[in-house]
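Here is a briefing on one protein model. Look over the sequence and the structure first, then read the points below.

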Amino acid sequence: MTAQVQISSLLEKMTSVDKDFRFMATNDLMGELEKEALKLDDEIERKITRTLLKLLDDKNGEVQNLAVRCLAPLMNKAKHGNVELIIQTLCHSLQSPTERYRDVSSIALKTAVAELSSQMTPVQTKEILDTVLPELLKILREDGKQDSAFKIEITDILGILITKFGHSSYIDFKDIVNVLFIQLSKDRQSLRKRAISVLGQVAEVVDDEVYVSIVNRVFEGIQNGGSNSVIRAHVLAASTVSRSGRGLKSRLPEFIKLLVKYCQDTDDDELKDACVHAFEVFISRCNKEITPYLSDIEGICAEFIRYDPNYQYDDENGDDSMEVDAEEENDEEDDLDDYSDDDDFSWKVRRSAAKCYEALINYRTDRLGEHFTNIAPLLLNRFKEREENVKIDVFKAYEALLKQTRLYLPEKLAQFDNSTNISPFTALEAKNISFSNEMVKKVFEDEADGKQKAVLTAYNEQVPKCVKAICKQLKSKSANVRLHCYSLLTSLVRAFPGCLERHFEILIPLIQNSVNEESADNATKIDTLQFLNLSFCSHEPQVFVSHFESLVAIIIKCVNESFYKVSAAALIVLQSLIIVLKRTGEGEKYLESIYNVIVSKLKVGDIDQEVKERSIAAGGVLLSSFGAELGPKLEEILPLLLDKINNEITRPTTVQAFCVIVNSSETIDLSLVLDNLLLQLSDFLRKNQRALKIASLTLMSSLVSKYPPSQLPSQGISKVINELPVLMVESDLFISQLSLRLAKDFTQKFPSEISPSLGSVIEASVTLANNSLLVGNMLQWAVDLFVNIACGDIPGKPDFLHLMELLTLQIYNNAKGLSRQTYQSVAVIMANATKAVNDVNSTTKIVTGLIQVLSKDDGDGLGLFALTALGELGRIFPDSFQISKVDPEELITNSFNSTSEERKTAASFAFGALACGNLEKYLPALLNEISSQPNRQYVLLHALKEVIISQNTSERSAVGFNQAINNIWDVLVAHSGSKEESTRSVVAECMGRLCRINLDELLPRLIECSTSGNPKQRSTAAGAVRFMIVDSKAVSNDALRNNLGSLLRAIDDDELDVRRTTIMTLNSAAHNKPRWIKELLPTLLPSLYRETEIRKDLIHEVQMGPFKHVVDDGLDLRKSAYECMYTLMEHCLDRINVSEYMTYVEKGLQDSHDIKLLNLLMLTRLAQTCSAQVAQRIDRFADLLSPLLVLKAKESSVKQESDKIEELKRACIRTILSLKRIPAMERSARLQSCFETVQHDQKLKSILDSLEKDNTLKLLSVHNQDIQMEGDY
């Protein structure tokens, strides 16, 4: 039966006299309408519409309900004519004299309006609005004729229409505003609330004229409202309107003064609550404008947070004793439980004051020091609050203070924040960082600036009082209160590691009670364990010595819990405890019980996967820390661990566990399992599991490095060697890197075993050596491999010259198809191997062969390699030219006359490398060439840069170089005003790196250049500072730091290029030395923000043939400014006013393509770090993101333009996903609308799916991969 026939049958049944038939048929029709593939012809569609509208007046309520629900899928499929019919019929029904039919019609209309398409044409939109709006407004104007519940539904419909069509020009907002203000004086509170909500929606979309009229009417309503309920409604309206993003315009001071007066004069608790709530909104929305009134607001909050007229607290004046009387606490809680007063609304006032304090803390971080003096003591005193929901809000306000404090923590202390949501081995890496009070003191003195010290000192003074207050609350009967207590304790430790050192004497017994009592819930246990884990990582181990017995008992009890989440969390904490026991030397007392609990978990096969993996991890940590002490027990636990390798799921975790064991400070006897382990590892190298390969190669490298060759079975080693050449491929350079390192170790320690596979290893290594990405550690391991082969005693190895022929074979066969980096990598390997062999005959043949290639100059790329190789020989093995009796200088300098730019570049590198190896001979010649050859300046300056870099990277510069510094500086200054930007860029790098070598003498000269009358020289000087900061590794940087402010003043220079270069320097300083610029930001940020503005005087048209092209000379400057803003957000967030910052992010989302991408990235990051502030502007951001999702390339556009739009959409969707993760963001209708746009568009949905998949894979990789090893490449 076709769908059309089936629906016709259902329509007949829907008119049946039997209510059950009508109900079942309507239910089946809804199922059919919800099918995406269903297509309706005009006749069937009309029949469905009329039948459903008729059923809305059905006598049976269940049938009516189903008919209303059917309207939603029908509205999505019906053509506009039927949509209009539904809307007109329902609007007419709103005037029905029958209350029941009227109510059903209002609900049906609400359902239908909610499903109206936002893609309707303007004409269709106008028809709908002209039909609905007059009816709605007419009902809302009528006084007393309709009940309030009906008007609430009508107000909801009005709100939906404004959300969907608020930007339409067909809506008369003045009429709507008048009607809404009428509702604010109604008696029904729920109606007033709905009207206020809709008024807020109106305020977001109206023009400034209507907006100002709304603000004025709200103020008049507060000022002349009459009854307290009406005044309260207008106060709430002020809060809602203020959230629209435009604040309260110039009337904010009047609002605040009026609300302060009401707070002082009124006895109505709900009005007080509304006024303080308004202050909270003003703080978040009008961050700057509210500054003069903060002291008044703080005074009101200080009074209201203690406002509890119906209850007398015993310790109103506070109690300085650290002792906690459990019986007294329980008696007090019993009294609170017995207390009840349904008419007491004072708790709302206290709650609003706590939330207002939280807003003050979150949005005015510039006053953090004052918050510790003025707000923190009041919050601590209110931990005794009798109402639980108010108490939780007080906790959250104080926790916000702790979170803001953490932003002031120096980076070296912030690393002790060990997240508990990462894999055991990543957690272990964090735990291995040793904490000490001496280190904290040194970091605090050396790295913290004045403001950081003031804030952190104030924080530390608060810690004892805070711990005392928390300890009292930990005895609460409420599980929710205890849960938030542990959250507070965790935030305390995160804010300043080591702060609880003197308080564990009180905390440990309370923790033990929290875990041991029968009523303890799992969430509390998990939070308790997370707090302990963080404490172990961020306090000196000796602090816990006297509490080990209790701690071991707590953790072992939790490991044995039946709920897997508790057990898994406890196993992570157990790893931390084992390390602490090892560092204190107290482990042997508790080793037996810890060993037994881990082994018991390893023996169980049917436990949760997470528990399995973490028990394996715990076993690895136990063996790495106490392997020697376990002695005979190794015979039991090692086979258990090895058995886990046979399980495909636990295999990667077990390999990583063995890595931890092998890398321990002691050598653990693994002879019992080594044979099987090596055979298993060789099999894993053939598996198609990247994470497993990485873990296996890492473990093999550790085994080869740690254990003597005699202890490693040769059979297993040979099997592993056979697998290496296959892994040394260009498709996965990280695995290739690990394989290369392992091959290098094998050539050194197992020459006989590697001999049969040497040819394959060399072939694979040569292929890698010819890869342009062979840099860093990978290049060094390739060098070591070839040096080992050349110098080692490996049976059947090729002679040196043949080995070099194999190395360079691909270059000689295909020189033109290779990159410059390939030439350099091969040249470095060749130079190092030649030096290691140090054979006269071989060296002579190598050098003369390169000279011959260079002399031929066939233009096939071999000349470029010859130049690079001669340069590297000069740098690494300068004696090679004396051995071969050749001077390459003339050949290299002659290459500067070539017409090929590539050859000139290679020659400049070679000349610089020659000078690095023999400064006395070649540096004067280089300086002479720069002065005498103006046409070669650019390439020769690159050669000079090579020399300066070589002196930067060495521990101390050579004597010959020091003597030439003044001459070098004079040469650089002479070229610092060059007209060519590329030349000035090289000069800037040279000047910056040279200053690092002799800072005291050259910095004043650089400052002199920065004030030069030549703008190009000023730009070069500003660029030089950037390279000084990047290179700054010396301990004594006081001179540079003290003068940085004067150097960065060039951000206000008249010349655009100078400002851009200075912003790039500021960006570099923010990234590399954030502490240096934090104190300078108050003066630098206004200048930086100014450069984000689009300047029309920098935009002009250029005629290009028959076309006109718009050029924006300020684009690069704006882009640099936004890049700098992103860096400042990453490293100096504690010194940034986030509300002001987000204003410029909004502007950036309306700029050019590249700047939009940058600001999308910034918004994504802000959503993660400043979610509360972003949430306040979520609707504004949603409005800016929405147009980006519907961008389309022109039909005549090239593919590049389409790709750019695709890239922008992808970034936009990624940002939307980040915004949706902010708590309670599902309540933002505009953000939800953006997300629905993505879901309903096939192309956008595919992008969304790929992003969500990438995110899932990223989370899995954190769990399955050794992150630290990945960072070596």
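How many residue pairs are in polar contact across the interface of domain 1 and domain 2? The rule finds two such pairs, both at pLDDT 80 or more. The model is a predicted one. The points below start with the overall build, then turn to the domain interface and the salt bridges.

**Overall build**
- The protein has 66 helices and two strands.
- Its radius of gyration is 37 Å, close to the 33 Å that the globule rule gives for 1273 residues, so the protein is as compact as a globular protein of that length.
- Along the principal axes, the C-alpha atoms fill a box of roughly 115 × 85 × 75 Å.

**Domains and their interface**
- The domain assignment gives domain 1 as residues 955-1121 and domain 2 as residues 1137-1272.
- In domain 1, seven residues are in contact with domain 2; in domain 2, nine residues take part.
- The area buried between domain 1 and domain 2 is about 740 Å². Carbon and sulfur atoms give 59% of that area.
- Three residues stand out on the domain 1 side: Y1089, E1093 and K1119. Together they supply 63% of the area that domain 1 buries against domain 2, more than any other three residues.

**Polar and charged links between the domains**
- Three salt bridges are counted between domain 1 and domain 2.
- D1151 forms a salt bridge with R1118. The closest N and O atoms of this pair are 2.9 Å apart.
- Helix α58, residues 1115-1131, gives the largest share of the side of domain 1 that touches domain 2. Its share is three residues.
- By type, the residues on that side of domain 1 are three nonpolar, one polar and three charged.

**Salt bridges in the whole structure**
- Side chains of opposite charge can pair when their charged atoms come close.
- A search of the whole structure finds 65 salt bridges.
- One of them joins E561 and K525, with the closest N and O atoms 2.8 Å apart.
- This pair links distant parts of the chain, 36 residues apart. E561 sits in the loop between α28 (548-559) and α29 (564-584). K525 lies in helix α27, residues 522-537.

Methods. Residues numbered from 1 in each chain as written. Predicted model: local features only at pLDDT ≥ 70, side-chain atom pairs only at ≥ 80, totals over all residues. Heavy atoms only, no water. Domains from an automatic or database assignment. Contact = heavy atoms within 4.5 Å. Buried area = accessible area lost by both parts, 1.4 Å probe. Salt bridge = Lys/Arg side-chain N within 4 Å of Asp/Glu carboxyl O. Polar contact = N/O pair within 3.5 Å; in protein donor to acceptor, adjacent residues only side chain to side chain. Helix = DSSP H or I, 4+ residues; strand = E, 2+ residues; numbered from the N terminus. Nonpolar A, V, L, I, M, F, W, Y, C, P; charged D, E, K, R; others polar. Rg over C-alpha atoms; globule rule 2.2 N^0.38 Å.
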